[in-house]
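The sequence and the structure are shown first.

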Amino acid sequence: MDLDVFVTTHRIEWDRLDHLLHRGRDLTGAEADELVALYQRTATHLSLIQSSAPDPQLTARLTQLVARARATVTGTRRASWRDAVRFLTAGFPAAVYRSRHWWIPTAVLSTVLAAVIGWWIGTHPEVQASIAAPDDLRSMTRPGGEYEAYYSSHPAASFAAQVWTNNAQAAAMCLVLGAFLCVPVIWILFMNVLNLGVGIGLMSSAGRLDTFLGLVLPHGLLELTAVFVAAGTGLRLGWTVIDPGPRTRRAALAQQGRAALGMAIGLALVLFVSGLIEGFVTPSGLPTWGRITIGIGAELAFLAYVYIIGGRAARAGDTGDVEAGEQSAELPSAA
């Protein structure tokens, strides 16, 4: 493509679009229609220039012009309670449901790995000795020891807030770092699994595995599910970098990235609930069966929320992405 000829041919259209944009709201009906048509043509021109004859200065000018035109054509709106309700009743559960093929295998493999690590540590004294000295191990695993005292080491409210903050950060890191070809997500997930496996192994070697599970299960079921969802979503985002499918890599990452951002907000709410359970239920005087029942109830409620509400929204076409009108315009691709 001869860039000089192309610019000479279409400069009048770009200048006219710029003029109409400066007019703002003082447009007649015919001028508004003309603005829309010029916006569409200019977007196509920008795509052609980017693919056939990239020129930094011209590309920058047309990019700015197209962005201004899109803002004028589509308008802007403020977030409302309707957006929050739609997010909680459709967008978030649909996103979790649609990513189940990633986070369910992640959950299964992680649970199996934690059990294997726990068995290995629990049945091999030499491995236990490499973790800590015998006196330190007894201090951790004895009745009233560090594993038990951990859950009552701070006032319930501040402990719940601390737990929520730490878990929300871990989930957010899984979601954000997934774009780096999955490697950071695998590392974060492995460290969580390793910590769980060590606890299982040490407490089982002391004959107190039932006590450990009674402390972990009430909040851990929901908490670990949220971490697995975050890790699975991060892995899915990383795989999108490797294999974007039929879409361009940029478009695929944009969609998955927006869904992951929404997922981070939703999972923060889920982890807030698990933090409340960990802060107020786990260290409470309730019998073990009562605490575990609360944990199982919270887990089943979340799964029902995902599979019933989220499944229905997903089948209706909701992807967890923002509404079409709020998405960035995708320029047409040149053949």
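## Helix 5 and helix 11

The model is predicted. The crossing of helix 5 with helix 11 is right-handed.

On the side of helix 5, the contact is formed by W102, W103, T106, A107, S110 and T111. Helix 11 contributes T225, F228, V229, A231, G232, L235, R236 and W239. By class, these residues comprise 8 nonpolar, 5 polar and 1 charged.

## S110 within helix 5

S110 is located in helix 5 and is one of the residues through which this helix meets helix 11. Its relative accessibility is 6%, and S110 therefore counts as buried, the limit being under 20%.

Leaving aside residues up to four places away in sequence, S110 touches L189, V193 and F228. Of these, F228 belongs to the helix 11 side of the contact described above. L189 lies 79 residues from S110 along the chain, yet the C-alpha atoms of S110 and L189 are separated by 7.9 Å.

## Helix 1 and helix 2

A second pair is formed by helix 1, residues 3–23, and helix 2, residues 29–52. Their axes come within 9 Å and cross at roughly 140°; helix 1 and helix 2 are therefore oblique to each other. The handedness of this crossing is left-handed.

Helix 1 takes part through L3, F6, H10, E13, W14, R16, L17, L20, L21 and R23. The partners on helix 2 are E31, E34, L35, L38, Y39, R41, T42, H45, L48 and I49. The contact of helix 1 with helix 2 divides into 11 nonpolar, 3 polar and 6 charged residues.

## The chain as a whole

The secondary structure of the protein chain consists of 13 helices and 0 strands. The chain has 335 residues, of which 41% are buried. Its accessible surface amounts to about 18,000 Å², with 64% belonging to carbon and sulfur atoms.

Considering contacts between residues at least 6 apart in sequence, 77% join residues at least 24 apart.

Conventions. Residues are numbered from 1 along each chain as its sequence is written. This is a predicted model: local features need pLDDT of at least 70, side-chain atom pairs count only at pLDDT 80 or more; totals for chains, interfaces and linings use all residues. Side-chain values use heavy atoms; hydrogens and water are left out. A crossing is left-handed if the near helix is turned anticlockwise from the far one by less than a right angle, and right-handed if clockwise. Helices (H or I, at least four residues) and strands (E, at least two) are DSSP runs, numbered from the N terminus. Contact means heavy atoms within 4.5 Å. Ala, Val, Leu, Ile, Met, Phe, Trp, Tyr, Cys and Pro count as nonpolar, Asp, Glu, Lys and Arg as charged, and the others, Gly among them, as polar. Buried means under 20% relative accessible area, exposed over 50%, partly exposed in between (1.4 Å probe, protein chains only). Accessible areas come from the Shrake-Rupley method with a 1.4 Å probe; for residues, only the protein chains shown count as cover. Axes are lines fitted to C-alpha atoms, for helices over the stretch in contact, and angles run from 0 to 180 degrees between N-to-C directions. Angles under 35 degrees count as roughly parallel, over 145 as roughly antiparallel, 65 to 115 as roughly perpendicular and the rest as oblique.
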